[in-house]
Each structure stands twice: as C-alpha cells, then as structure tokens.
Amino acid sequence: MTGTHRHPEPIGAFLKDNRQWLAAGALLTLLSSFGQTFFISIFAGQIQDEFGLTHGSWGAMYALGTTASALVMVWAGGLTDQFRARTLGVAVLVMLALSCLAMAINPYVIVLPIVIFALRLMGQGMTSHIAIVAMARWFVATRGRALAVATLGFSLGEAILPVLFVSLMTVLDWRLLWGIAACIALLGVPALSKLLREERTPQSMASQDQAAGMGARHWTRGEALNHPLFWFMVPALLGLSAFGTAFFFQQAHYAQVNGWTHLSLVALFPIYTGVGIGAMVLSGFALDRFGTARLIPFYQAPLVAAFLCFAWADQLGMVALGLVFFAMTTGANSTFPNAFWAEFYGTRFIGSIKAMAAAVMVLGSAIGPLITGVLIDLGVPLNTQYIGVAAYFILASCSMWTGIARARRTLPLPA
C-alpha cells in the first residue's frame with residue numbers, strides 16, 4: 001500500500017475492500033473491554049465486600065496490578081513486530097478468557113492483584129494494542145479512517161457492556177458474570193481467525209505496506225526513546241489516561257460530594273459515548289485530509305474546558321457539558337496518537353514503539369485513581385483537584401506543540 005494521507009480512496013470502496021481487517025480490529029477493541037476500568041469498576045462494590053477491602057486498599061491493589069501490566073507491556077507489545085495479528089490475537093484472547101475465569105473463581109485476596117494484572121495486560125494492554133498496531137501498519141492513505149472504524153469497538157463496549165452487566169447483576173451472581181465474560185472472550189477466537197484468514201505478516205509488508213517516518217527512515221524503539229519528541233509527548237499520553245481513568249474511577253464519590261445520585265450521573269454517560277463516536281469518526285477523516293502534525297498538538301485542549309466544567313459544576317447540566325468536551329478529546333484520541341507513531345517513526349518497528357506508549361498510558365491509568373484517592377484522603381476536594389487537572393492539560397498541550405513544531409520539518413514529503 002503506497003501513498004500518503006492526502007488522497008484517500010472513497011469511503012464506500014474503503015469499507016468494502018477492507019471489511020474483514022476493520023471488523024477484526026473492532027472485535028479486538030470490543031473484547032478489550034473486559035480489561036478496561038469502566039468494566040472492572042462495575043464490580044468494585046462486590047469485590048470489596050467479598051474480600052473485605054476498603055476503598056483505599058482496593059485502589060492500591062488495582063494500581064499495583066495495573067502498574068505491573070504496564071511494565072510487562074514494554075516487552076509484550078513488541079511481539080506485534082514478530083507475529084501475525086491472527087496468531088498473537090488468538091493467544092491473547094485465550095489468555096484474556098482465562099483471566100476473566102480467574103476473577104470468577106478466585107477465593108484469595110492475595111491473588112487479586114495478580115488477577116487484575118492479567119486482566120489489564122490482556123485486555124486494556126495487548127488486545128487493544130494488537131488492533132491499533134495492525135491498523136496503523138496496514139493502512140497509510142486511509143490510516144485515520146481505519147483507526148476510527150476499528151476503535152468503534154471501544155465505544156460499543158462502553159455503551160453496551162456496563163448497562164448489560166449491571167442489569168444482569170440483579171439476577172445473577174457477580175462471579176457468574178465474569179464466567180460469562182470469559183465465554184464471550186473465547187468466542188472471539190474463531191471469529192478472529194476467520195476474519196484474518198488472509199491476514200498479512202509483518203515480513204511480507206516490507207515492500208508495499210511500510211511507511212517511513214522522520215528523516216525518511218524507520219526508527220527503532222531505542223532511537224525513538226533517545227529522540228526528544230517522544231518525551232514531549234509523554235505528558236499528554238500520561239495525563240489523559242491518568243485523569244480520564246480517575247474521573248470514572250471516582251464517579252460515585254464525585255456524585256456524592258456534589259449531592260447527586262450515582263444513577264443520575266451515570267445517566268449522562270450516553271452523551272459522552274455518542275459525542276465520542278462522532279469525534280472519533282470526524283477525527284479519522286480530518287487526519288486523512290490534514291495529517292497528524294497539524295492536528296495532534298491541539299486535540300487535548302477540550303480537556304481543559306471539560307475539567308473546569310467538572311470542577312465548577314453545581315448542577316448536572318454543567319457536568320453534561322463537561323462530558324461533551326471530554327468526549328471530543330477521547331474520540332480523537334482513538335486516531336491521532338495512534339497515527340502519530342506511524343507517521344513520525346515509521347511502521348517497521350511500530351509495535352515496539354507503540355508498546356512504550358501503551359505502557360505509559362497503562363501506567364497513567366494506575367496512578368490517576370491513586371493520586372486522586374490519596375488527595376481525597378488528605379482533604380483536597382475532588383472539584384478542587386479538577387482545576388489542577390485542567391492546568392495540567394494546558395501544559396501537556398504546550399509540550400506536544402513544542403515537540404511537533406521541531407520534528408515535523410523532518411517528515412518525508414508526500415509521494
């Protein structure tokens with residue numbers, strides 16, 4: 001596949017010609033839900049009651065398991081440069097199913113961090129990583145569209161699974177529900193194998209599917225880590241994962257301190273999902289038309305407005321507005337950063353490089369709930385914390401702009 005993002009093929013032909021690969025990406029991102037915070041947090045109350053955990057001890061265990069998964073992702077993510085998405089994806093889905101089963105049957109509190117580690121590594125980490133790397137590697141001119149379509153699985157999971165499993169929890173034991181999740185993940189194995197029966201290997205793409213990055217070459221992970229641009233991007237990678245996760249992790253507390261019921265707050269989340277899907281699709285088209293370098297420095301600016309709305313909200317209407325701004329960034333986050341690694345560092349070693357970025361984001365999802373929880377215990381109100389979070393995203397956006405402005409001059413010219 002040759003060319004650049006300037007002249008993408010018509011959307012109808014694109015979807016028809018690539019339907020099996022796009023569907024495989026969407027399937028993987030959907031099944032990654034079983035290791036995502038929004039799904040695991042559904043069972044927080046039951047887990048705490050079952051094992052006698054306080055909010056602080058549950059948060060610490062969650063952070064421990066998630067941090068460990070971030071460290072392992074540095075190595076495991078690089079496997080996408082060595083194995084087919086079909087082969088690696090099947091193995092990871094089997095391990096994700098076993099992780100869900102472990103949560104269903106585990107009777108020991110000491111094993112809980114290990115179960116969390118497995119769920120986070122196989123779900124949030126590897127399942128989504130395989131999908132994103134495959135889209136970034138297989139598509140060049142239509143990379144933005146491919147990422148937008150494939151990552152619709154994230155939104156579908158957020159929209160359907162919490163409502164479905166919370167409803168089932170009224171009639172079924174929570175452990176049985178984790179068993180059901182294991183079965184669903186296992187059903188993904190034959191589906192993925194069928195969708196990727198014609199899947200291409202990294203080695204076979206050397207001549208037609210590789211796209212070079214800065215300096216018209218392919219960067220290794222070591223070279224990327226020694227380049228300033230990677231570190232200019234770290235605050236943005238860390239911040240959205242940390243504080244986005246923290247917002248949902250602390251949702252019950254946030255509703256309580258503001259005098260709202262938890263249900264009334266959760267009822268606003270479909271707004272977030274809907275706007276996020278729209279932002280995801282639009283960002284994919286915008287990326288293919290204008291390129292990553294022009295757009296990515298500004299994509300986290302709506303988060304400043306979002307967290308100021310959360311901080312100053314005295315009624316749920318202000319929270320709803322904040323969720324709109326929040327979703328604008330999280331939708332774009334499905335395409336912009338993932339295309340960024342391929343465009344600036346090339347696609348030959350993108351699995352290893354993207355693994356470092358994924359590790360940073362997973363680490364953020366561990367420390368965000370921990371930081372906000374500790375500050376709450378120290379008497380710093382969550383609303384006050386959100387003002388500081390808004391200031392953080394101003395600094396993160398400035399860091400991105402500085403790094404991109406220096407690096408974009410070295411990008412290869414369009415073919």
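## Exposure along the helices

A residue is called buried when its relative accessible area is under 20%, exposed when that area is over 50%, and partly exposed in between, as computed with a 1.4 Å probe on the protein chains only. The structure is a predicted model, in which local features need pLDDT of at least 70 and side-chain atom pairs count only at pLDDT 80 or more, while totals for chains, interfaces and linings use all residues. Residues are numbered from 1 along each chain as its sequence is written, and side-chain values use heavy atoms, with hydrogens and water left out.

L98 has 53% relative accessibility and therefore counts as exposed; this residue belongs to helix 6 (residues 85–105), where helices (H or I, at least four residues) and strands (E, at least two) are DSSP runs numbered from the N terminus. Between the C-alpha atoms of L98 and M122, which are 24 residues apart along the chain, the separation is 9.9 Å.

G56, in helix 5 (residues 55–76), is partly exposed because its relative accessibility is 45%. Although G56 and L370 are 314 residues apart along the chain, their C-alpha atoms are separated by 8.4 Å.

V275 sits in helix 15 (residues 269–290) and is also partly exposed, with a relative accessible area of 26%; its C-alpha atom is 22 Å from that of I394, a residue 119 positions away in sequence. P235, in helix 12 (residues 228–249), counts as partly exposed at 23% relative accessibility, and the C-alpha atoms of P235 and G222, 13 residues apart along the chain, are separated by 19 Å.

## Buried helical residues

Helix 8 (residues 143–150) is largely enclosed by the rest of the structure, because seven of its eight residues are buried. The buried residues of helix 8 are R143, G144, R145, A146, L147, A148 and A150.

S397, in helix 21 (residues 382–407), is buried with a relative accessible area of 12%. A polar atom of the S397 side chain lies 3.0 Å from the backbone oxygen of F393, and a polar contact is defined as a pair of N or O atoms within 3.5 Å, of which, within protein, one must be able to donate a hydrogen and the other to accept it, with residues adjacent in sequence counting only if both atoms are side-chain atoms.

## Aromatic pairs and a charge over a ring

The structure holds 37 aromatic pairs, a pair being two rings of Phe, Tyr or Trp (its six-membered ring) whose centres lie within 6.5 Å, with planes under 30 degrees apart counted as stacked, over 60 as edge-to-face and the rest as tilted. One of them joins Y254 and F310, whose ring centres are 6.4 Å apart and whose planes stand at 70°, so this pair is edge-to-face. The pair links distant parts of the chain, since Y254 is in helix 13 (residues 251–257) and F310 is in helix 17 (residues 301–312), 56 residues apart. Y254 is buried, with a relative accessible area of 0%, and F310 is buried, likewise with a relative accessible area of 0%.

W341 and Y345 form a stacked pair, at 5.9 Å centre to centre with 25° between the planes. These two residues, W341 and Y345, are four residues apart in helix 19 (residues 336–345) and are thus separated by about one helical turn; both are buried. An α-helix has 3.6 residues a turn, so residues three or four places apart point the same way. Elsewhere, R217 lies over the face of W219, at 4.0 Å from the ring centre, a charge being placed over a ring if NZ of Lys or CZ of Arg is within 6 Å of the ring centre and within 35 degrees of the ring normal.

On a 1 Å grid over the protein atoms alone, a cavity is a set of points where a 1.4 Å probe fits but cannot get out, and its lining residues have an atom within 4 Å of a point.

The lining of the second largest cavity consists of W21, A24, G25, L28, A85, A131, A134, M135, W138, L192 and L196. Helix 2 (19–31) and helix 7 (112–138) each supply at least two residues of this lining. By class, the lining has ten nonpolar residues, one polar and no charged, where Ala, Val, Leu, Ile, Met, Phe, Trp, Tyr, Cys and Pro count as nonpolar, Asp, Glu, Lys and Arg as charged, and the others, Gly among them, as polar.

Conventions. 1 Å grid on protein atoms, 1.4 Å probe; cavity = no way out; pocket = protein on both sides within 12 Å on 5 of 7 lines; lining within 4 Å.
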